[in-house]
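Thanks for asking me to look this over. My comments follow as numbered points, to be read with the structure open beside you.

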Amino acid sequence: MLYVTLPYEKTRKASFYLAMEEYVARRLPAGDYMFCWQVKPSVVFGRNQVMAAEVDTAYCLANGIGMFRRKSGGGCIYADEGNVMLSFVTGSDDVHLTFNRYIMMIVLMLRQMGVAASATGRNDIMVDGRKVSGNAFYHMPGRSIVHGTMLYDTDMENMLHAITPPGDKLTRKGVESVRRRIGLLKDYVHSGTEDLKEYVRHTLCEGEHALTHDDVAEIERIEQEVYLSPAFIQGKDPRHTLVRRRRMDGVGGIEARIDVKGGIIRSIRLTGDFFATGDVDSLLNGCLKGVPLEREAVAEALPDRLDGIIMNLGKDDFVSLLTED
């Protein structure tokens, strides 16, 4: 695996590094690549999440916290200079294998550092029952991207308030409960974030790929056109007549916004912190547009397996979500 480097040091927005992942995946030769990055205080929410439901935008604006959307699924995260962010790009088309490979790679690296880390649930790495790393992925033809955060010494107050919607005010008891579930690597290792990044580089990588100034210019173009686009950050909220939601073990939370007329499905959009492993929009509006919103009709229109499109999603659970009040 090669470690990707930039031609000069500069603190950039999260949007730049998200664009950098995409550039590496689309433009660099086949192989495995990794790089670390740090940002000023930012929230980064998943592709399928509704910004207003995940972020206290007023708090973020008042406290200089950037707000960005990524192309991967999963939940909203907070990042700052006390986090080390990791990006892994590989040529594998097997999303499940790639994700598990990445998670175990980081777990084993932390264990080599003397940290008793373990993989838990869909995407978390835990130490002493507390989360120190959350991770997400997305797939494009011929390439997979996995990225995540390692919590070293993050600003817990900013984290707790920035990613909590205004209507869900945190009580003192709630804040303390969240703190008990979040771990910081500074409590388990004696090195700082720079040492941590160097450890990642020299433990997991066997060489480097140095990006040029021309590469950076192209990354900046992608950043401006995609990741800093207001339309991308805000996301779409198409018209709908029904909203149905459910949290499913191993899948996450899914909210279905369904536009129905005369009992017939006109469109569906899914939001939530699930992990998409295929083209969700094509599934929904290719298979279900024009189908009666009835259990038997929906079940007949859908393919037998859905876990290749949304990780761990069972067909019966999805049909129930759409058709049961």
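1. Thr154 is buried, as its relative accessible area is 6% (buried means under 20%, exposed over 50%, partly exposed in between, with a 1.4 Å probe and protein chains only). You will find Thr154 in the loop that runs between β10 (143-151) and α5 (156-162); helices are DSSP runs of H or I with at least four residues and strands are E runs of at least two, numbered from the N terminus.

2. A note on the source: this is a predicted model, in which local features need pLDDT of at least 70 and side-chain atom pairs count only at pLDDT 80 or more, while totals for chains, interfaces and linings use all residues. Residues are numbered from 1 along each chain as its sequence is written, and side-chain values use heavy atoms, with hydrogens and water left out.

3. Which side chains make polar contacts with the side chain of Thr154? Asp80 does, at 3.1 Å, and Asn83 does, also at 3.1 Å. A polar contact here is a pair of N or O atoms within 3.5 Å; within protein, one must be able to donate a hydrogen and the other to accept it, and residues adjacent in sequence count only if both atoms are side-chain atoms. Leaving aside residues up to four places away in sequence, Thr154 touches Tyr78, Asp80, Gly82, Asn83, Met159 and Leu184 (contact means heavy atoms within 4.5 Å).

4. Next, a helix pair. Helix α4 (residues 95-112) packs with helix α7 (residues 193-204) at an angle of about 110°, and their axes are 11 Å apart. Axes are lines fitted to C-alpha atoms, for helices over the stretch in contact, and angles run from 0 to 180 degrees between N-to-C directions. Met105, Ile106, Met109 and Gln112 of α4 meet Tyr199, Val200, Thr203 and Leu204 of α7.

5. Helix α12 (residues 315-323) is largely enclosed by the rest of the structure, because seven of its nine residues are buried. Those buried in α12 are Lys315, Phe318, Val319, Ser320, Leu321, Leu322 and Thr323. The cover over these buried residues includes β12 (242-248), β13 (252-261), β14 (264-272), α10 (280-287) and α11 (295-301).

6. Finally, please look at Val260, which sits in strand β13. Val260 counts as buried, at 17% relative accessibility. Not counting residues up to four places away in sequence, Val260 touches Thr241, Leu242 and Leu293. Val260 and Leu293 are 33 residues apart along the chain, with 7.8 Å between their C-alpha atoms.
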